[in-house]
Amino acid sequence: MYTTHPTRGENDLNCRMNVEQSPIGDATAADETHLKALVKFTALSFRTPRPVPFGALIVDSQSGETLMQGRNAVAVENDPSAHAELRTVRLACKKRKSYSLRGYTLYATCEPCPMCMANALWAGLDRVVYGATIEDANRYCRQIQIPAAELARRSDMRCAVIGPFLRELCNTLFDDPRMQQAFATWGTRKETA
């Protein structure tokens with residue numbers, strides 16, 4: 001679903017993930033407002049038969065005007081690439097009639113996976129601000145253990161990665177009982193021994 005607006009230590013591989021991320025001090029009051037709004041938007045999916053904890057929002061970095069927001073639709077679209085960030089970038093580019101999102105910031109309820117972070121880099125986004133971490137998501141569903149900041153650092157494309165920011169709030173999306181029930185039906189659910 002999309003809407004447009006006019007106006008820890010160790011992972012499951014038992015290896016350290018020592019990747020520096022941008023200090024939370026880089027986050028602004030506007031970042032807090034946008035991420036809180038995104039959490040509310042994403043939580044609306046809990047009223048549907050297929051709730052998701054993954055949401056994305058793209059705003060103009062200067063004016064703060066919303067360009068596009070969306071949620072994960074992997075199950076709805078039967079498309080493993082239908083992550084919230086990737087879908088939102090696609091639609092934002094179509095709306096702008098440009099492959100470039102230079103001058104825009106991407107907000108995500110969870111740290112972008114490598115596919116989504118690479119897409120953010122290719123789109124030329126100025127910044128990525130995220131809430132929950134890949135490790136947080138990995139408690140419930142499979143993840144590729146490459147932090148977004150590491151991917152950005154290994155690229156010759158510039159994009160500030162800020163997070164985790166409002167991590168506890170974003171984790172409420174994962175911890176919600178309706179989401180817990182949904183995780184049990186996911187093909188990518190975390191397997192327990």
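What is the volume of the largest pocket?

Mentor: Bearing in mind that the model is predicted, the largest pocket has a volume of about 810 Å³. Of the 32 residues that line this pocket, those closest to its centre are F54, N72, V74, A75 and W186. Sorted by class, the lining holds 19 nonpolar residues, together with 8 polar and 5 charged ones.

Turning to the helices, α2 (74-77), α3 and α4 (114-123) each supply at least two residues of the lining, and α2 gives the most, with 3 residues. Helix α3 spans residues 84-96 and includes L86, a residue that counts as buried because its relative accessibility is 7%, under the cut-off of 20%. When its neighbours within four places in sequence are left aside, L86 is in contact with S81, M115, C116 and N119. The C-alpha atoms of L86 and R71 lie 9.7 Å apart in space, while the two residues are 15 places apart in sequence.

One of those contacts of L86, C116, deserves a word of its own. C116 is buried, because its relative accessible area of 2% falls under the cut-off of 20%. The count of disulfides in the model comes to 0, and C116 accordingly is in no disulfide, the nearest cysteine sulfur being that of C113 at 3.7 Å.

Strand β2, residues 55-60, is mostly covered, with 5 of its 6 residues buried. With strand β3, residues 66-71, β2 pairs in the antiparallel sense over 5 bridges, and within this pairing A56 has G70 of β3 as its bridge partner. The two strands form a hairpin with 5 residues between them, and in the turn G64 has a positive phi of about 80°. β2 also pairs in the antiparallel sense with strand β4, residues 104-110, again over 5 bridges, and here V59 stands opposite T105 in β4.

Note on methods
Residues numbered from 1 in each chain as written. Predicted model: local features only at pLDDT ≥ 70, side-chain atom pairs only at ≥ 80, totals over all residues. Heavy atoms only, no water. Helix = DSSP H or I, 4+ residues; strand = E, 2+ residues; numbered from the N terminus. Buried < 20%, exposed > 50% of the residue type's maximum accessible area, 1.4 Å probe, protein only. Contact = heavy atoms within 4.5 Å. 1 Å grid on protein atoms, 1.4 Å probe; cavity = no way out; pocket = protein on both sides within 12 Å on 5 of 7 lines; lining within 4 Å. Points joined across faces, edges and corners; volume = space filled by probe spheres on them. Nonpolar A, V, L, I, M, F, W, Y, C, P; charged D, E, K, R; others polar. Pairing = 2+ DSSP bridges. Disulfide = S-S within 2.5 Å.
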